Amino acid sequence: MVNIEKCFGLVRALTKIKLEVGRNEIVGLIGDNGAGKSTIVKILTGVFPPTSGELYIAGRKVDFRRYNVQSAHAHGIETVYQDRSLGEKQVLWRNFFIGREIVNWLGFIDVKKEKAIANEIMLKTIGFRGKGITVDSNVSQLSGGERQGIAIGRAMHFEADVIILDEPTVALSLKEVAKVLNFVHKIKEGGKASIYISHSIPDVYEVSDRFVVLDRGEIGASIPKKDISLKELDAFLLDFAHGRKDKAQT
Amino acid sequence: MNSVRAIFRFLGRLEGFAIAMVLLVLYFVLAIAAPAVFTRPLIYISFLETVPPTLIAALGLTLVITAGEIDLSFPAVVSLSGFALSWGWKTFDPAYGAWIGILLALTAGALVGYINGLMVARIGVPSIMATLAANFFWYGISILLAGGLQVTLKGSQNNFVHELFVGRLFGTVPLQAFWSLALAVLLWFLLNRHKFGEGIMFIGDNANVARVMGVNVETTRIKLFTLHGTIAAFSGIIVTLDIGVFYPDQGNFLLPAMASVFIGGTSIAGGSGSIFGTVFGAYIIGSLAAGVVATTISGYWVQVVEGGVMAAVVVLNAATGKGDLASLFSRFRHRSTQVGANGQELVQKDDRASR
């Protein structure tokens, strides 16, 4: 993203955002509430266009007039949200394919094929075994961690180059968080890139290669993991929150 | 024992099976209470004639409610489309005037639905307000156009269109029953096997999820209201053809249609809809009044019984948690073993927590 700006009415949510994600790089995006993390996500994933600025995917400029969720998917950008990834009352196989159903020329869904692929994703990519959860289960029967597993598995199946995880561990138990982090490691092993957004600094630290700090709609800092320890990062962020850090330092 | 359970499990999974059982029990009770009427085919044939208009509108409404919306404007569409049909009928030569009338009626219905859709999806007016206003407005237009009068379809009894839509198969079965069932099958496939229907379910479940997963929420909503307008117009065509007269008040079945949908197990919260539940629900609603009268209880009791039965069914739906009687069967199954009962309870708690 280059010089991305977004205004909602008179409110400028993002100012001159420049964000880069390398191949097979996990970027941890950190920032306070209202810093603009979710706005960045929505622009990247085609939910809405920015007010100005440019987006390049694999070196090619994106035309925002024709950029939407479908074309983001086509470009290999997938998103896992905290709570907006799955339809709760719907069965799992529908959740895997919502928005990109396997259909015939009349638009009717090939249920058999979708179920077979969904089953394969669950067994191979996500590693669900038994436990009475099948592709015909309802999402409401799943625990929070399992739901995120489904969402991440779905993203991985569709050959995402970049998987954006928007606070995927909020409201999860410790054990479940570990599961989700495990999925993120799998993204790295699979050679894909990711943007990981979370309020939990230790989680971000564990999985990320680089940290980008967002502050009131601007990029505050970009620090590679090798340059900073978890403790230092924590202290750095605290300073940031108190406004003591000079932005020129970055 | 196991095979019995397997059968129950299979039947319980069939859409609308439980509510069909309720309908059967109702007919059984009525056959005992009013044997003179309910052991003879005539009453059932009369139901097959009177229920379809309500049923057709309720089928479209099932989709709308599944999407988490409501459409209160279909009574006006039933009226308006009936007028359009009668206008085409009397203005042109009956041989093709009927077809022109049908075309006009469906177009009018689609147009009203499309405008509803625009108000809801583009402008963001809550559907209950938008369609309530639309109902008053278009009903008013219908009265204005008709001058408040009814219009007789001259020579309708011998017309091909009349025979095709509301004639009698083998001289007995009203064809509108067949058409409404055909529509039910079509809409079942649309809802459960088409990406449009999947979009409807996800939007009703959570429109934000649908949006970020790439469902075009606005377009789907507009299409949905347009579809329901067209379906309501079809209902109007059936009513007008069946009676042979258009009268402005002919769409006066808003509440029975809504009751059919809810009795059928479609959740007001959206996210899931039961097309065949609505089919049987409509027949339950449509049979109650005649049934109560036939038992020779005073006619004053009709609404009391109607209300009682509706309340009982929706309470059952709510009690089973999934808004579907089918899960009642699974509950009985679970109660039979301790472990199963616990499992069921856990799932329910989880359900509530996630709401």
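Reader: What follows H5(A), and what is its phi?
Author: A:Glu159 follows H5(A), and its phi is positive, near 55°. Keep in mind that this is a predicted model.

Reader: OK, back to the helix. How far apart are the end C-alpha atoms of H5(A)?
Author: They are 20 Å apart. Helix H5 of chain A covers residues 144–157, and at 1.5 Å a residue its 14 residues should span 20 Å, so the two values agree.

Reader: Is H5(A) largely enclosed or largely open, and why?
Author: Twelve of its 14 residues are buried, so H5(A) is largely enclosed by the rest of the structure.

Reader: Which ones are buried in H5(A)?
Author: Among them are A:Gly144, A:Arg147, A:Gln148, A:Ile152, A:Arg154 and A:Met156.

Reader: Switching to strands. How many residues of E3(A) are buried?
Author: Six of the six residues in strand E3 of chain A, residues 26–31, are buried, so this strand is also largely enclosed by the rest of the structure.

Reader: Which residues sit on which side of E3(A)?
Author: A:Ile26, A:Gly28 and A:Ile30 are on one side, with A:Val27, A:Leu29 and A:Gly31 on the other. In a regular strand, side chains alternate between the two faces of the sheet.

Reader: What does E3(A) pair with?
Author: One partner is strand E9 of chain A, residues 193–197, in the parallel sense over four bridges. There, A:Ile195 is the bridge partner of A:Val27. E3(A) also pairs with strand E10 of chain A, residues 210–215, again in the parallel sense, over five bridges.

Reader: And what stands opposite A:Gly31 in E10(A)?
Author: A:Leu214 does.

Methods:
Residues are numbered from 1 along each chain as its sequence is written. Chains are lettered from A and ligands numbered from 1 in the order in which they are written. This is a predicted model: local features need pLDDT of at least 70, side-chain atom pairs count only at pLDDT 80 or more; totals for chains, interfaces and linings use all residues. Helices (H or I, at least four residues) and strands (E, at least two) are DSSP runs, numbered from the N terminus. The expected span of a helix is 1.5 Å times one less than its number of residues. A residue is buried if 20 or more other C-beta atoms lie within 10 Å of its own, exposed if 12 or fewer, and partly exposed in between; C-beta atoms are placed from the backbone. Two strands pair if DSSP finds at least two bridges between them.
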